[in-house]
Amino acid sequence: MDRFTDKVVIITGAGSGLGRATALQLAAEGAKLTLVDVSQAGLDATQAAITDIAASAEIVSIIADVSNEDQVKGYVKQTVATFGRIDGFFNNAGIEGKQSLTENYAGDEFAKVLGINLSGVFYGIKHVAAVMREQGSGSIVNTASVGGIRGVGNQSGYAAAKHGVVGLTRNSGIEYGEFGVRINAVAPGAIWTPMVEASLRQVDPVNPEKAGEEFIQINPTKRYGKPEEVADLVSYLLSDKSTYINAQVIAIDGGQSQKY
Ligand code: NAD
């Protein structure tokens with residue numbers, strides 16, 4: 001039997017990148033999915049890709065902004081109303097924000113990045129964990145970043161938010177373990193998604209390809225990660241194959257964060 005047969009999983013940021021790759025993997029393994037994103041086009045593309053590989057998959061697509069607590073409550077409520085439970089939650093939506101030296105980092109940009117990347121993750125844990133605690137089971141995977149365990153530079157909002165996601169993961173992981181609910185985080189390095197392509201255009205608007213080449217030269221594997229590689233890790237953490245892993249932050253970065 002597949003790991004996710006009849007399991008119900010919510011994925012935020014499901015319209016692109018890591019969220020889409022994870023949605024595809026879970027659907028192929030029998031999950032019932034709630035896909036959440038701010039982008040209708042992204043959700044439509046993910047749903048079409050799922051239909052190609054798992055035509056009978058049960059999917060609910062919801063437009064919601066994770067930085068708005070009422071909308072988070074809404075996608076949780078709609079999932080329970082439709083499927084009756086929540087077994088897994090990939091709390092993943094995020095943005096990079098504009099890169100700049102801290103003294104030039106705009107206050108409203110900082111608030112925006114924290115609103116989505118940190119408050120959004122907090123609201124998600126808060127409302128999903130309540131459902132899982134009642135059930136006595138469930139697994140939450142938050143998306144942190146290597147930028148949440150190391151300094152990166154020019155990313156005040158992103159670094160603060162992702163370090164915050166690490167803190168939330170450890171804090172709520174130890175709170176909910178006794179209720180049968182596990183809460184972990186993944187900390188991806190540079191994974192080839194639209195977010196990383198846009199990031200390289202910020203680093204070097206004239207020659208993003210060159211910036212991209214330089215970036216991977218410092219990685220032990222000399223390459224970018226693939227969204228499917230992150231989806232494999234997330235799926236494992238959401239599944240019942242990882243039942244003694246809790247409150248952990250797991251880097252998936254080709255070893256880059258271990259480099260001196
Ligand atoms: P992506 O841009 O491909 O996908 C992000 C998705 O989130 C998009 O579909 C976007 O519409 C959605 N989104 C943005 N703001 C939202 C909001 N307010 N509410 C709901 N949905 C929203 O990026 P990705 O690379 O797949 O990133 C996914 C997560 O992984 C992010 O949290 C990101 O910070 C993190 N991450 C990515 C990398 C990487 O190298 N790609 C590395 C470390 C961490």
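Student: Quick one before we dig in: what's a polar contact?
Tutor: A polar contact is a pair of N or O atoms within 3.5 Å. Keep in mind that the model here is predicted.

Student: Okay, so what does Ile191 do with the ligand? How far is its polar backbone atom from the ligand's oxygen?
Tutor: A polar backbone atom of Ile191 sits 2.7 Å from an oxygen atom of the ligand. With the 3.5 Å cut-off, that pair counts as a polar contact.

Student: And Tyr158, which part of that residue is involved?
Tutor: In Tyr158 a polar side-chain atom takes part, and it lies 2.7 Å from an oxygen atom of the ligand.

Student: What about Ala64?
Tutor: There a backbone N or O atom is involved, 3.5 Å from a nitrogen atom of the ligand.

Student: How much of the ligand does the protein cover?
Tutor: On its own the ligand has 820 Å² of accessible area, and the protein covers 92% of that.

Student: Which residues come nearest to the ligand?
Tutor: There are 29 residues around the ligand, and the nearest are Ser16, Asp37, Tyr158, Ile191 and Thr193.

Student: Which helices supply at least two residues each?
Tutor: Those are α1, residues 17–28, α5, residues 156–176, and α6, residues 194–203. Among the elements, α6 gives the most, with three residues.

Student: So where does the ligand sit relative to the domains?
Tutor: It lies between domain 1 and domain 2, because both give residues to the shell around the ligand. Domain 1 covers 8–187 + 227–252, while domain 2 runs over 190–224.

Student: Switching topic. How many helices and strands does the protein chain have?
Tutor: Eight helices and seven strands.

Student: Why is the chain said to be as compact as a globular protein of its length?
Tutor: Its radius of gyration is 18 Å, close to the 18 Å that the globule rule gives for 260 residues, so the protein chain is as compact as a globular protein of that length.

Student: What does the C-alpha trace span?
Tutor: About 50 × 40 × 35 Å along its principal axes.

Student: And how many of the residues count as buried?
Tutor: 49% of the 260 residues in the protein chain.

Student: Now the backbone. What's the phi of Asn154?
Tutor: It's positive, about 65 degrees, although Asn154 is not a glycine. Asn154 lies in the loop between β5, residues 138–143, and α5.

Student: Why does Asn154 count as partly exposed?
Tutor: Its relative accessibility is 39%, and partly exposed covers what falls between the 20% limit for buried and the 50% limit for exposed.

Student: What about Ala247?
Tutor: Ala247 is not a glycine, yet its phi is positive too, about 65 degrees. Its place is the loop between α8, residues 227–238, and β7, residues 249–252.

Student: Is Ala247 buried or exposed?
Tutor: Buried, because its relative accessibility is 12%, and buried means under 20%.

Student: How far is Lys112 from Gln202?
Tutor: They are 90 residues apart in sequence and 18 Å apart in space, C-alpha to C-alpha.

Student: And where is Ala93?
Tutor: In the loop between β4, residues 88–91, and α4. Ala93 is buried, with a relative accessible area of 17%. From Ala93 to Val113 is 20 residues in sequence and 11 Å in space, C-alpha to C-alpha.

Student: Last one: which helix holds Tyr176?
Tutor: Tyr176 is found in helix α5. It's buried, with a relative accessible area of 16%. Tyr176 and Ile86 are 90 residues apart along the chain, and their C-alpha atoms are separated by 15 Å.

Terms used: Residues are numbered from 1 along each chain as its sequence is written. This is a predicted model: local features need pLDDT of at least 70, side-chain atom pairs count only at pLDDT 80 or more; totals for chains, interfaces and linings use all residues. Side-chain values use heavy atoms; hydrogens and water are left out. A residue is near a molecule or strand if one of its heavy atoms lies within 4 Å of it. A polar contact is a pair of N or O atoms within 3.5 Å; within protein, one must be able to donate a hydrogen and the other to accept it, and residues adjacent in sequence count only if both atoms are side-chain atoms. Accessible areas come from the Shrake-Rupley method with a 1.4 Å probe; for residues, only the protein chains shown count as cover. Helices (H or I, at least four residues) and strands (E, at least two) are DSSP runs, numbered from the N terminus. Domain bounds come from an automatic or database domain assignment. The radius of gyration is taken over C-alpha atoms; the globule rule is 2.2 Å times the number of residues to the power 0.38. Buried means under 20% relative accessible area, exposed over 50%, partly exposed in between (1.4 Å probe, protein chains only).
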